[in-house]
Amino acid sequence: MLKFSKVRKQFNSRVILDIPTLDLDSNLYWVQGQNGSGKSTFLRMVAGIIPFDGQIAFGNVDSKLHPVAYRQNISWADAEPLYPPFLSGQELLEFYVKLRGTPVKDAQELIDRIGIREFIDSRTGTYSSGTLKKLSLLLAFVGSPPIILLDEPLVTLDTVAVKSICDIVKEMQLSGSLLLVSSHLEHDALVSLSNKRLHVTNHTITLS
Amino acid sequence: MLKSTGTSILVCALWLLYVLKCLSFVTRSLNKPDNTFLYVINRTSFLHRLIACIILMTILFFPVGWYGFLIVGVALYHHYYVSALLLLMYLILLCVGPALRIVYKMRHPGTPMYRESRRPRLSFGYPGVLIHYIAAQQKIIFITIKIFTCSLLYFFTRINIPEAYDIQFPYLFFSLGIMANGIIIHRIRSFEENYMLPYRGAPVSLHKRLADYLLFYLIILLPEIITLATLTPVHLHYQDAVYFALCAFGLVVLMNSICFLEDFTMNQYLRIILLVLCLQYYFVVASLLSVLYIIYIVTAIIIFYRSFNLFEKRPKPRSGL
């Protein structure tokens, strides 16, 4: 379970998010909100990428007291991913799976399913935005962490990749992962898989 | 310069480095989304584009290149006609060559910055990624800074003789060169925040992150360390060489940690570094380099542990808005 307690995020004196308390069980959640409502900020806070006040914990593992153990359980794919253009997808994959302690061979099936095999040995500087997105999703899915955060995951993807990603997400959901997927589109293919919604409005998050 | 071949080659090499840096600046500016409107120049003739780019390169080269044209004048005055002609051709080439490259780049905007090339797949840790970054995107500024720092160190320490041995003067200039490394450090931090963001959320302890930085900056300082080694023991005592190296290491690690205090602009950052250099003046005058490097390293470690998790890149307002 992912627990939020008195979580507050502000830039300078402007409050972006204020979450008094929120508990999330393993499931697929659609993080819904308008542009600029704080969806990406919310996901980045959970991913441990930006600082915040309050507590976020996965089970008994607090993100601030035990950051390494906490982050071991979480992966994140950015809405507009950027990677070092001089490294290949394979080099980045090896770099990140080594950090997570996952064997690289576990990624082979995912590489084929996501449809990035043709480009994996090329430098990311030659990738299209769709291929960059696929790489970010590959890095998020590899190792099947218990919590997966996907920020606008289907934007720029082709229809074949959209179907593959939906299948992978469905499998992850069934295997007991907690997935937070942000999107502001009602007709997003992943949204139809989700039966729980997190509304980001008025600087807070409510579950429905 | 007209009489010494060595000096001529050195000056010409420095001009070339400067021009390559200018070329890199222009091509990067052209690749920015904000500047895509500039591609409208492709509607004009090739000659028009070439002249525009030659004027651009001449303006960019002028702050350094005016000296070259002055030397051409001096060479003609002293009847060194061949030298004058060669130098003039070289200066023209430095303006026309990059101009042709810019024209080509503008004509082929879809050309990827990174072409496929066969190279061995590398196994590396985080320091390896940062070294890749410098090799791929910062090599000209890196080489320039290293030549600058090592030259300052070498020439100001070479004047040391056993009868008039002094380390204060060489160290002050050496630390000025080390400060120039701050430009690369600031760019590295910017690269990390833009291109290595997932690594920030990766399950890596602060100890490991710090150890990676320490290893990386030790590698970065190898040219200075080698220069120091060549100066010992004739011009620099072994102990002083070790203090120089430790102070340089402490300063770059501190400059790295300062980047975690706040999302500083380059100007703000350089001002802070300048302040650090002013503060170190007391330690240099009092011959306390043995204390200075400890202060640098301890301060750097404290700042790093306190600031790493609190750092956040601020969204910057877009220019023109």
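This is a predicted model: local features need pLDDT of at least 70, side-chain atom pairs count only at pLDDT 80 or more; totals for chains, interfaces and linings use all residues.
**Chain B as a whole**

- Chain B has 12 helices and 0 strands.
- Along the principal axes, the C-alpha atoms of chain B fill a box of roughly 60 × 55 × 45 Å.

**The two domains of chain B**

- Chain B splits into domain 1, covering 5-107, and domain 2, covering 131-313.
- Their C-alpha centres are 32 Å apart.
- Where the domains touch, domain 1 of chain B supplies 5 residues and domain 2 of chain B supplies 7 residues.
- The size of an interface is often given as the accessible area lost when the parts come together.
- For these two domains of chain B, the buried area is about 540 Å², and carbon and sulfur atoms give 71% of it.
- On the domain 1 side, the residues that lose the most area to domain 2 of chain B are Leu17(B), Lys21(B) and Arg28(B), which together make up 76% of what that side buries.

**Helices α8 and α9 of chain B**

- Two packed helices are described by the angle between their axes and the distance between the axes.
- Helix α8(B), residues 206-220, packs against α9(B) at an angle of about 50°, and the axes are 5 Å apart.
- Leu218(B), Ile219(B) and Ile220(B) from α8(B) meet Leu222(B), Pro223(B), Glu224(B) and Ile225(B) from α9(B).
- Sorted by class, the residues of this contact are 6 nonpolar, no polar and 1 charged.

**Helices α11 and α12 of chain B**

- Helix α11(B) spans residues 266-285 and helix α12(B) spans residues 289-307; their axes come within 9 Å and cross at roughly 145°.
- The crossing of this pair, α11(B) and α12(B), is right-handed.
- On the α11(B) side, the contact is made by Val276(B), Gln280(B), Phe283(B) and Val284(B).
- On the α12(B) side, the partners are Leu289(B), Val291(B), Leu292(B), Ile295(B) and Tyr296(B).
- The contact of α11(B) with α12(B) contains 8 nonpolar residues, 1 polar residue and no charged ones.

**Helices α3 and α5 of chain A**

- In chain A, helix α3 (residues 89-100) packs against helix α5 (residues 129-141) at an angle of about 20°, with the axes 10 Å apart.
- That angle makes α3(A) roughly parallel to α5(A).
- The way α3(A) passes α5(A) is a right-handed crossing.
- From α3(A), the touching residues are Gly89(A), Leu92(A), Leu93(A) and Tyr96(A), and from α5(A) they are Leu135(A), Leu138(A) and Leu139(A).
- This contact of α3(A) with α5(A) divides into 6 nonpolar residues, 1 polar residue and no charged ones.

**Two backbone spots to look up**

- Most residues other than glycine have a negative phi, and most peptide bonds are trans.
- Asn12(A) has a phi near 55°, a positive value in a residue that is not glycine.
- You can find Asn12(A) in the loop between β1 (2-11) and β2 (14-24) of chain A.
- The peptide bond from Thr232(B) to Pro233(B) is cis, with omega near -5°.
- Pro233(B) sits in the loop between α9 (222-231) and α10 (238-258) of chain B.

Notes: Residues are numbered from 1 along each chain as its sequence is written. Chains are lettered from A and ligands numbered from 1 in the order in which they are written. Side-chain values use heavy atoms; hydrogens and water are left out. Axes are lines fitted to C-alpha atoms, for helices over the stretch in contact, and angles run from 0 to 180 degrees between N-to-C directions. Helices (H or I, at least four residues) and strands (E, at least two) are DSSP runs, numbered from the N terminus. Angles under 35 degrees count as roughly parallel, over 145 as roughly antiparallel, 65 to 115 as roughly perpendicular and the rest as oblique. A crossing is left-handed if the near helix is turned anticlockwise from the far one by less than a right angle, and right-handed if clockwise. Contact means heavy atoms within 4.5 Å. Ala, Val, Leu, Ile, Met, Phe, Trp, Tyr, Cys and Pro count as nonpolar, Asp, Glu, Lys and Arg as charged, and the others, Gly among them, as polar. Domain bounds come from an automatic or database domain assignment. Buried area is the accessible area (1.4 Å probe) that two parts lose on being put together, summed over both.
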